[in-house]
Amino acid sequence: MSAPTSTKYQLPDLPYDFHALEPVISAEIMQLHYQKHHQTYVNNLNQALEQYHDAESKQDVAAMIALQQAIKFNGGGHINHALFWSFLTSQNKARKEPQGPLLKAIEEEFTSFDKYKEKFQQQTVAIQGSGWGWLGYNKALKRLEISTCANQDPLSSKGLIPIFGVDVWEHAYYLQYKNVRGDYVKALWQVVHWEAIEARYQKALLHP
Ligand code: MN3
């Protein structure tokens, strides 16, 4: 009898071509970011989980604890990037701003969509080192919040449901924007898939 096959995480399909986000994000960046960076998080997550299950089967709690950082980093990298691809779309499909309940909630929280963009940009550009800027939903307080996370920490580590987020690791923009993170974050609004993000917000409202 063969050993049970454990579930392996896999690189999700990219919902568009590598050049779909041009000229905002070059095909070269997309290809490297998706095929190399995201794939590496997936591979390392699977490897860490395999080692974790092995340690668990030996009741080696110390080894299990030692693996938690690798699971957080690579697991976070995997789920953050899977979300990030879904937040973006080609310029001809991207809307300038959200509509409906999400727009209303943004206006209630930040006065206007422009004020939200300004605040989000400010906080996201100011992240020291590598990390992510997020718009999250606080289920307990029933409100939207801007938040930032270091490294690949997932937004769930702050108790928020991710609605929208931007990867500001240098690998996400350096080949095109060099060290000017602000230009990258500002340009990215042109390829935001608000329709998908509105759907995430609606789902978050229903989230148990
Ligand atoms: Mn990245």
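In which hand does H1 pass H3? In this model, which is a predicted one, H1 passes H3 in a left-handed crossing, and the two helices, H1 covering residues 27-57 and H3 covering residues 68-87, pack at an angle of about 145° with their axes 8 Å apart. On the H1 side the contact includes Met30, His33, Tyr34 and Tyr52, and these belong to a set that meets H3 residues including Ala70, Phe73, His78 and Trp85. Taken by type, the residues of this contact divide into 14 nonpolar, nine polar and no charged.

Now to the charged pairs, where a search of the whole structure finds six salt bridges. One of them joins Glu50 to Lys8, with the closest N and O atoms 2.8 Å apart; this pair links distant parts of the chain, since Glu50 sits in helix H1 and Lys8 in the segment before H1, 42 residues apart. Glu50 is partly exposed at 48% relative accessible area, and Lys8 is likewise partly exposed, at 44%.

Another salt bridge pairs Glu109 with Arg143, the closest N and O atoms being 2.5 Å apart. Because Glu109 lies in helix H4 and Arg143 in strand E2, that pair ties together parts that are 34 residues apart in sequence.

Methods: Residues numbered from 1 in each chain as written. Predicted model: local features only at pLDDT ≥ 70, side-chain atom pairs only at ≥ 80, totals over all residues. Heavy atoms only, no water. Axes fitted to C-alpha atoms, helices over the stretch in contact; angles between N-to-C directions. Helix = DSSP H or I, 4+ residues; strand = E, 2+ residues; numbered from the N terminus. Left-handed = near helix turned anticlockwise from the far one by under 90°. Contact = heavy atoms within 4.5 Å. Nonpolar A, V, L, I, M, F, W, Y, C, P; charged D, E, K, R; others polar. Salt bridge = Lys/Arg side-chain N within 4 Å of Asp/Glu carboxyl O. Buried < 20%, exposed > 50% of the residue type's maximum accessible area, 1.4 Å probe, protein only.
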